[in-house]
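Keep the sequence and the 3D view open as you read.

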Amino acid sequence: MLRHMKITLHPALLLMGAALASIPTQPSAVLYDNSEVKVARALEKAQVQGKFHQHEMNRVMVYLQPGRQRFEYQDGRPTAVSDFKAGEVKWSPPTGMHAGTVLDHDFNIIEVELKTPGTDEPITGDHDPLKVDPRHYKLEFENPQVRVLRLRVQPHGMVPLHTYATDHVTIFLTDQKFQIKDATGKEETAEHKAGDVVWETPATHMEQNISDQPFEAVTVEIKK
């Protein structure tokens with residue numbers, strides 16, 4: 001005989017889902033363009049037939065809202081439909097001439113276009129985030145050009161001393177209010193809004209979420 005199973009979600013997880021769903025869409029814009037990356041926010045508009053185009057470089061794609069998109073290709077491949085979740089991260093190599101049409105509603109993608117060839121060497125170290133804090137840091141994927149991490153911190157949670165060993169792009173999926181202390185003991189408060197994107201250089205610090213809300217971000221570490 002089958003019995004009904006009651007599943008209870010932790011309140012922090014429920015709040016996290018609500019926060020991710022609430023990021024407003026914004027116009028397309030180039031956010032950073034340097035020798036390592038070009039970071040752009042793309043606005044994909046609903047029911048607008050995209051023009052055929054192609055990308056020359058590998059990209060990391062971070063979806064700020066959920067969406068559904070149909071892709072057409074000029075090389076004879078069949079039409080494909082993809083569904084994306086808010087906060088989802090994808091690796092996007094060049095795929096030839098293609099055009100996309102959004103099938104439901106507008107959404108934003110943060111696109112990190114990679115200009116450096118990278119290296120086969122893994123990113124590691126004594127204070128590597130995945131080593132010192134596997135509770136909060138999770139590996140999305142790693143390849144010769146990037147390592148992509150997801151950070152989730154509960155309200156008032158503490159992230160121990162850790163090091164970002166290379167330049168990196170951080171995409172905020174929720175609002176941030178953190179107290180940060182660097183290796184010398186210097187403290188500062190950092191605040192960002194959901195949807196913000198920052199370019200950062202190597203750093204060692206500890207962090208505490210001083211908000212009553214859970215926090216989530218994606219960090220793209222650049223190998224060079």
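## Aromatic pairs

This is a predicted model, and it holds seven aromatic pairs. Take Phe84 and Phe107: their ring centres are 6.2 Å apart and their planes meet at 50°, so the pair counts as tilted. To be called stacked, the planes would have to be under 30 degrees apart, and edge-to-face needs over 60.

Which parts of the chain does this pair link? Phe84 belongs to strand E5 (residues 80-84) and Phe107 to strand E8 (residues 107-114), so the pair joins distant parts of the chain, 23 residues apart. Are Phe84 and Phe107 buried or exposed? Both of them are buried.

## A charge over a ring

Have a look at Tyr73: the charged end of Arg77 sits over its ring, 3.9 Å from the ring centre.

## An open sheet

Now for some strands. Five of them form an open sheet, and if you walk across it you meet E9, E10, E17, E12 and E15, in that order. The pairing is antiparallel. At the edges you'll find strand E9 (137-142) and strand E15 (197-200), each of which pairs on one side only. From one strand to the next, the twist averages 20°.

Zoom in on E15 and its partner, strand E12 (residues 168-172): these two pair in the antiparallel sense over four bridges. Here His168 stands opposite Glu200, which is in E15.

Strand E10 (residues 146-153) is where Val153 lies.

What does Val153 touch? Leaving aside neighbours within four places in sequence, Val153 is in contact with His136, Val159, Phe178, Asn209, Pro214 and Phe215. Trp91 makes a handy landmark: Val153 and Trp91 are 62 residues apart in sequence, and their C-alpha atoms are 24 Å apart in space.

The mean pLDDT of the protein is 90, with 91% of its residues reaching 70 or more. Residues 1-18 are another story, with pLDDT below 50. Beyond near neighbours in sequence, that stretch has ten contacts in the model.

Notes: Residues are numbered from 1 along each chain as its sequence is written. This is a predicted model: local features need pLDDT of at least 70, side-chain atom pairs count only at pLDDT 80 or more; totals for chains, interfaces and linings use all residues. Side-chain values use heavy atoms; hydrogens and water are left out. Rings of Phe, Tyr and Trp (its six-membered ring) pair if their centres lie within 6.5 Å; planes under 30 degrees apart count as stacked, over 60 as edge-to-face and the rest as tilted. Buried means under 20% relative accessible area, exposed over 50%, partly exposed in between (1.4 Å probe, protein chains only). A charge sits over a ring if NZ of Lys or CZ of Arg is within 6 Å of the ring centre and within 35 degrees of the ring normal. pLDDT is the predictor's confidence in each residue, from 0 to 100. Contact means heavy atoms within 4.5 Å. Two strands pair if DSSP finds at least two bridges between them. Axes are lines fitted to C-alpha atoms, for helices over the stretch in contact, and angles run from 0 to 180 degrees between N-to-C directions.
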